Amino acid sequence: MIEFESVSKIYPSGAIAVEEFSLLIPSHSVCTLVGSSGCGKTTLLRMVNRMVTPSSGRVLIDSEDIAAADAVELRRSIGYVLQSGGLLPHRTILDNVITVPVLKGRKGSATRAHGLELLELVGLDPAIATRYPAQLSGGQQQRVGVARALAADPNILLMDEPFGAVDPIIRRELQTELTRLQTELGKTIVFVTHDIDEAFRLGDQVVVLRSGGHIAQQGTPEEITSAPADSFVSDFVGADLGGRRLHAITESDRTVIVDADGKPLGVLR
Amino acid sequence: MKILGQALQWLSDPQVWGGVEGLWARIGEHLGVSALTVLLAAVIAWPLGVWIGHTGRGAGIVGALTGAARALPTLGLLTLFGLLLGIGLGAPVVALVILAIPSLLAGAHAGVSAVDRTVIDAARSIGMSTHQLVWEVEIPLAAPVIVGGVRTAMLQVISTTTLAAYTADVGLGRYLFSGLKTKNYAMMMGASLVVVVLTILADLGFSVVQRWLTRRTHQLSRCPAGEY
């Protein structure tokens, strides 16, 4: 369980990244923070592993204030996936995956074997273990990033727009894989994105942010779609623009669902 | 051209090469002093360069320091330290260390500060301590540039170590100083050629190391994307 207790982040320049933000993220659930760039979502994410220290307020993990924890130990106990992959370019894929266990002093064949298992778990051929990050495609690098985040078996995964830099088809594939992994592993996942579709697809709980980390609305994807709190949210989820207004047409005995532009989305059964 | 012929003739004499004061021994001394000097300079320049590159603090002094130090005349320094320290190896080593520091400092600073910020951020985010970040990420990734600094420093030091003979009976400079006194220009020319060859060989050697490190640390795609 992750709790934000009225946290703020104000930079010395006076810029307010996050103001009086409070949120409770239950264990074993996926919470997506969604908003445009500059809304403070990455800042909030990075507060959980103390890459950003709040100017005021507290962040608690399982009711313990993380400010009291050792920052390095805390980070090793939390999985982190970045948009760019953030793999170490001078280390092989396997060495990248097992970075955190090795930092914790667990070297040796058991760790390496576990690393290979993780590659398989995220849908990669273990044969790429001896390759280097630059030899992999963007999508593969993201999978390695996920494997690395899982290596020390953390309870919490922080994901900062992890699929933002890959093409839409691969992104969809990675989202499906993450959902599969989550049903298998049941981690507490905080997922930051600017893509509302991604936020809806992955989040048990979705938090729509406006600038300054103010919560515009939070709830399940169904709640937000069916009852947007205000025009900001309905704009953001595309309800007003007709992006989510669908209707059915019958075409040779089958009912096809089309969006506002008349583009077919699928067949109704 | 006549002098070149005489120089080659001097070099072709096996007697010149052998013995405790022969060319081989002098080459050994020369390279030994050069290596010692670069090593001492590295002990001073690397920690400072890595620290400045890591923290980003004091980057301005690198430029100022390297610029100023490069303008210093080594012979002048040698004379100064010779007067202070007397006859012996001390003065030339100090002067050569000062000569070598700017290149090593610039190499370490440039290498470390050029490491991709997202890689550093990622390394920190997954739980590397500052110590691990510096030793396991920044230095390995900066290695090719750091070695580039060694390459430049080595080049300058090997050619300038000839000055060590000014105050000490050491290195290939002996031939130059005694040749000047005895008007043995063939010997001076011959010894100079040896210095030139040593410098070129060292440069080639370091360029190989540098290329190997670059390949190791900055793996480039060797297979077409999407092979897997």
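Student: How many residues of chain A are in contact with residues of chain B?

Tutor: This is a predicted model. In it, 22 residues of chain A are in contact with 26 residues of chain B. Helix H2 (71–76) and helix H4 (99–103) of chain A each supply at least two residues of the side that touches chain B. By class, that side of chain A has 11 nonpolar, 8 polar and 3 charged residues.

Student: What does the secondary structure of chain B come to?

Tutor: Chain B has 10 helices and 0 strands, so its elements, read from the N terminus, run α-α-α-α-α-α-α-α-α-α.

Student: Does H4(B) lie largely in the open or is it largely buried?

Tutor: A residue is buried if 20 or more other C-beta atoms lie within 10 Å of its own. Of the 13 residues of H4(B), 1 is buried, so the helix lies largely in the open. Across chain B, buried residues make up 40% of the 228 residues.

Student: Which domains does the assignment give for chain A?

Tutor: The assignment gives domain 1 (2–242) and domain 2 (243–269). Taken over C-alpha atoms, the centres of these domains of chain A are separated by 34 Å.

Definitions and conventions:
Residues are numbered from 1 along each chain as its sequence is written. Chains are lettered from A and ligands numbered from 1 in the order in which they are written. This is a predicted model: local features need pLDDT of at least 70, side-chain atom pairs count only at pLDDT 80 or more; totals for chains, interfaces and linings use all residues. Domain bounds come from an automatic or database domain assignment. Two residues are in contact if their C-beta atoms, placed from the backbone, lie within 7 Å. Helices (H or I, at least four residues) and strands (E, at least two) are DSSP runs, numbered from the N terminus. Ala, Val, Leu, Ile, Met, Phe, Trp, Tyr, Cys and Pro count as nonpolar, Asp, Glu, Lys and Arg as charged, and the others, Gly among them, as polar. A residue is buried if 20 or more other C-beta atoms lie within 10 Å of its own, exposed if 12 or fewer, and partly exposed in between; C-beta atoms are placed from the backbone.
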